[in-house]
Amino acid sequence: LFAGETDFVKGVVAMDGMPPDDRIEVCFAGRSNVGKSSLINALTGRKALARASNTPGRTQEINFFTCGESHYLVDLPGYGYAKAPIKTVEKWQRLLKAYLSGRATLRRAFVLIDSRHGVKSVDEEIMTRLDKSAVTFQVVMTKADKVKDVEREKIMQQVREKIAQHPAAYPEMIITSSEKGWGVDVLRAVIANLV
Ligand code: GDP
């Protein structure tokens with residue numbers, strides 16, 4: 001499903017630039033620096049597919065990747081970068097809203113949460129957006145190698161409590177480390193079951 005057959009299709013900045021919604025897709029959302037590019041690269045087994053963000057918060061494009069002919073992986077721009085200008089943030093919010101409400105083939109959003117930091121207010125904003133757009137989302141914990149087990153449990157409890165308040169949340173989280181390769185197969189299997 002993934003290996004060796006993932007290709008970059010295009011980066012879009014507006015709804016009318018999107019590829020036709022002719023296949024199932026899943027999207028990835030997360031704060032800048034959460035490890036989104038690394039995870040997409042680990043998932044697809046390609047080193048530089050999702051170009052690891054040069055300037056955090058700068059990339060405002062929604063990037064589409066194909067996996068064979070069967071589905072799209074959609075990389076949403078990282079959010080929550082403190083220095084992002086307000087105009088950029090507003091533009092991003094409009095595009096995100098349009099994308100999440102207007103894409104009939106979007107099957108699930110993966111919301112990436114840093115294992116060290118848990119759910120921040122910007123993550124909650126995204127989750128609320130997903131509720132409103134009725135897009136099921138699943139939390140993917142990233143950089144799990146960076147925290148001790150005890151700490152991870154504490155953070156995960158916080159995440160569980162937060163997602164319990166969101167009707168669009170899928171209750172199970174996926175714990176990953178792109179660095180160690182943890183959970184990448186699990187995520188891949190989840191996606192394979194959706195498409
Ligand atoms: P993005 O901005 O969300 O696309 O984040 P990146 O994938 O560019 O990663 C941000 C930083 O975190 C980079 O320095 C990565 O090397 C690091 N990083 C990403 N994933 C992991 C991980 O699983 N473990 C560790 N230890 N570092 C990671």
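## Strands β1 and β3 in the sheet

Strand β1 and strand β3 (residues 62-67) run antiparallel and are joined by six bridges. Within this pair, Gly-11 is placed opposite Asn-63 of β3. Strands here are DSSP runs of E with at least two residues, helices are runs of H or I with at least four, and both are numbered from the N terminus. Two strands pair if DSSP finds at least two bridges between them.

The structure is a predicted model, in which local features need pLDDT of at least 70 and side-chain atom pairs count only at pLDDT 80 or more, while totals for chains, interfaces and linings use all residues. Residues are numbered from 1 along each chain as its sequence is written.

The open sheet has seven strands in the order β1-β3-β4-β2-β5-β6-β7, with mixed pairing.

## The chain as a whole

Five helices and seven strands make up the elements of the chain. The C-alpha atoms fill a box of roughly 45 × 40 × 35 Å along the principal axes.

Buried residues account for 37% of the 195 residues; a residue is buried if 20 or more other C-beta atoms, placed from the backbone, lie within 10 Å of its own, exposed if 12 or fewer, and partly exposed in between.

## The nonpolar core

The largest nonpolar core contains 44 residues. Such a core is a set of buried Ala, Val, Leu, Ile, Met, Phe, Trp, Tyr and Cys residues joined through C-beta atoms within 7 Å. Strand β5 (residues 106-114) supplies the largest share of this core, six residues.

Among the residues with the most contacts inside the core are Ala-29, Val-111 and Leu-112. Setting aside neighbours within four places in sequence, Ala-29 is in contact with Leu-76, Ala-109, Val-111, Leu-112 and Ile-126; contact requires C-beta atoms, placed from the backbone, within 7 Å.

## Tyr-79

Tyr-79 is located in the loop between β4 (71-75) and α2 (86-102). Tyr-79 counts as buried because it has 20 C-beta neighbours inside 10 Å. Beyond neighbours within four places in sequence, its contacts are Arg-31, Ser-32, Trp-92, Val-122 and Ile-126.

## Around the ligand

The ligand is surrounded by 19 residues, of which the closest are Gly-35, Lys-36, Ser-37, Ser-38 and Glu-179. A residue is near the molecule if its C-beta atom, placed from the backbone, lies within 6 Å of it. Helix α1 (residues 36-44) gives the most to this shell, with three residues.

Definitions and conventions: Two residues are in contact if their C-beta atoms, placed from the backbone, lie within 7 Å.
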